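This report describes how the parts of one protein model are arranged. Please consult the sequence and the structure shown here while reading.

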Amino acid sequence: MTMHRSGAVSVDAMIDDLRTLVEVESPSRHFDALTASAKAVAGVIESRLGGHAVLVESEAGPHVHWSAGGDSTVLILGHHDTVFPLGTLERRPFAVKDGYATGPGVFDMLGGLVQAVHGVALLDDRSGVEILVTCDEEVGSGSSRALIEERALACGAVLVCEGAAEGGALKTGRKGCGTFEVTVTGLASHAGLEPEAGVNALIEASHQVLALAALGRPGIGTTVTPTVASAGTLNNVVPAEATIAVDVRVETADEQERVESAFATLAPHLDGAKISVQGAIGRPPMPESASAELFAVAKRLLPGLEGKAVGGGSDGNFTAALGVPTLDGLGAVGGGAHADHEYLVIDAMAERANLVAGLVQALRNA
């Protein structure tokens with residue numbers, strides 16, 4: 001498979017661009033910070049690829065969309081928001097040492113964005129390539145999902161530049177995931193004088209926690225995990241309200257339907273208690289069948305490359321659910337996503353940029 005390249009990728013240039021992006025902090029839901037970050041992303045894209053990167057305004061902040069023109073063939077998908085609050089950079093500045101780059105967002109997923117841009121820059125003919133970098137992936141992609149789905153359908157293939165799986169493997173499947181909040185309403189009373197006059201929301205919530213945990217079927221990839229709970233006001237008052245947050249992951253649409261139905265039909269155990277539920281499995285499962293064809297191409301380009309199905313979700317879940325061939329984990333090799341020890345392996349940057357270039361070329365030639 002021959003690529004028509006305009007030159008070799010420069011790791012030093014990629015590190016320079018990565019520094020530029022990391023040093024513009026971009027916490028989700030911080031509109032001003034995301035606006036500055038979007039402008040920085042657009043600047044990197046335009047400086048390396050030419051053309052004009054459009055800032056697509058939304059209630060969450062600006063998404064960045066660049067198109068090389070011509071018949072749309074491949075969508076390179078990523079996000080520029082991070083989970084780290086403003087001020088993280090001062091405590092944990094961008095650094096390059098001993099073969100690693102560190103700093104907030106290097107692995108998830110600013111490194112992948114930089115590698116993808118430099119990969120596309122290797123191609124003399126970039127027609128048919130689109131790049132979409134959204135600003136709200138870390139908080140569910142509420143403002144970007146429609147745009148992601150529109151461009152994925154228009155292009156017909158999606159390369160997601162999220163960080164690689166362990167050992168540099170591509171992400172060939174992802175679980176569907178979502179968060180539910182269960183609210184229990186009881187009735188307050190004096191805990192010492194007349195506890196029987198109340199309806200104890202904490203006791204009801206305890207019943208519900210056990211029932212919810214029992215919905216999991218780890219053997220087929222379904223996890224239902226109560227994560228955060230709160231109840232009560234004072235130690236001498238029967239709690240009138242309790243809330244439970246629940247993380248849900250599923251591998252199949254059938255399991256998504258089963259679990260969502262179970263949440264919708266939760267029933268109280270205590271007389272007088274009431275239950276309400278908010279939430280859903282917002283990202284549908286990404287089956288491995290969605291990536292099979294593209295993964296086969298990637299393995300031809302980079303023999304020995306492995307693929308793994310993972311528990312976390314990405315915007316690739318949305319595109320795969322539409323039936324659009326989607327390959328994920330094409331971004332940085334490293335680890336520590338969402339953690340202080342987040343890192344990127346510098347020696348893998350050129351190989352990953354070349355892999356993106358090869359996949360784009362293969363899709364354009366198909």
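## The open sheet

In this predicted model, G78 stands opposite V133 in strand 6. Strand 3 (74-79) and strand 6 (129-134) run parallel and are joined by six bridges. Strands (E, at least two residues) and helices (H or I, at least four) are DSSP runs numbered from the N terminus, and two strands pair if DSSP finds at least two bridges between them. The open sheet contains six strands in the order 1-2-6-3-7-14, and its pairing is mixed. Strand 1 (54-56) and strand 14 each have a single partner strand and stand at the edges, so one side of each is left without a neighbour in the sheet.

Residues are numbered from 1 along each chain as its sequence is written. Local features need pLDDT of at least 70 and side-chain atom pairs count only at pLDDT 80 or more, while totals for chains, interfaces and linings use all residues; side-chain values use heavy atoms, with hydrogens and water left out.

## Helices on the sheet

Helix 5 (residues 145-155) lies across strands 1, 2, 3, 6 and 7, and runs at about 155 degrees to strand 3. Helix 10 also packs on the sheet, where it touches strand 3, strand 6, strand 7 and strand 14; its direction makes about 145 degrees with that of strand 3. These angles, from 0 to 180 degrees, are taken between N-to-C directions, with axes fitted to C-alpha atoms, for helices over the stretch in contact.

Helix 5 includes E149. With a relative accessibility of 19%, E149 counts as buried (buried means under 20% relative accessible area, exposed over 50% and partly exposed in between, with a 1.4 Å probe and protein chains only). Apart from neighbours within four places in sequence, E149 is in contact (heavy atoms within 4.5 Å) with F318 and L322.

## The nonpolar cores

In soluble globular proteins, nonpolar side chains tend to be buried together. The largest nonpolar core here has 60 residues, and L18, I45, I76, L159 and L327 have the most contacts inside it. Such a core is a set of buried Ala, Val, Leu, Ile, Met, Phe, Trp, Tyr and Cys residues joined through side-chain atoms within 4.5 Å. Helix 4 gives the most to this core, with ten residues. A second, separate core of 18 residues includes V184, V224, I244 and A262.

V117 lies in helix 4 and is buried, with a relative accessible area of 5%. Not counting residues up to four places away in sequence, V117 touches V44, I45, R48, L49 and I131. The C-alpha atoms of V117 and I76 are separated by 9.1 Å, although these residues are 41 apart along the chain.

## The two sides of helix 8

Which residues of helix 8 are buried? They are L294, F295, V297 and A298. These residues cover an arc of only 155 degrees around the axis, which puts them on the same side of helix 8; the arc is that of the directions from the helix axis to the C-beta atoms. The buried residues pack against strands 7, 8, 13 and 14 and against helix 10. On the other side of helix 8, E293 and R300 are exposed.

## Cysteines

The structure holds zero disulfides (pairs of cysteine sulfur atoms within 2.5 Å). For C135, the nearest cysteine sulfur is that of C161, 18 Å away. C135 is buried, with a relative accessible area of 1%.
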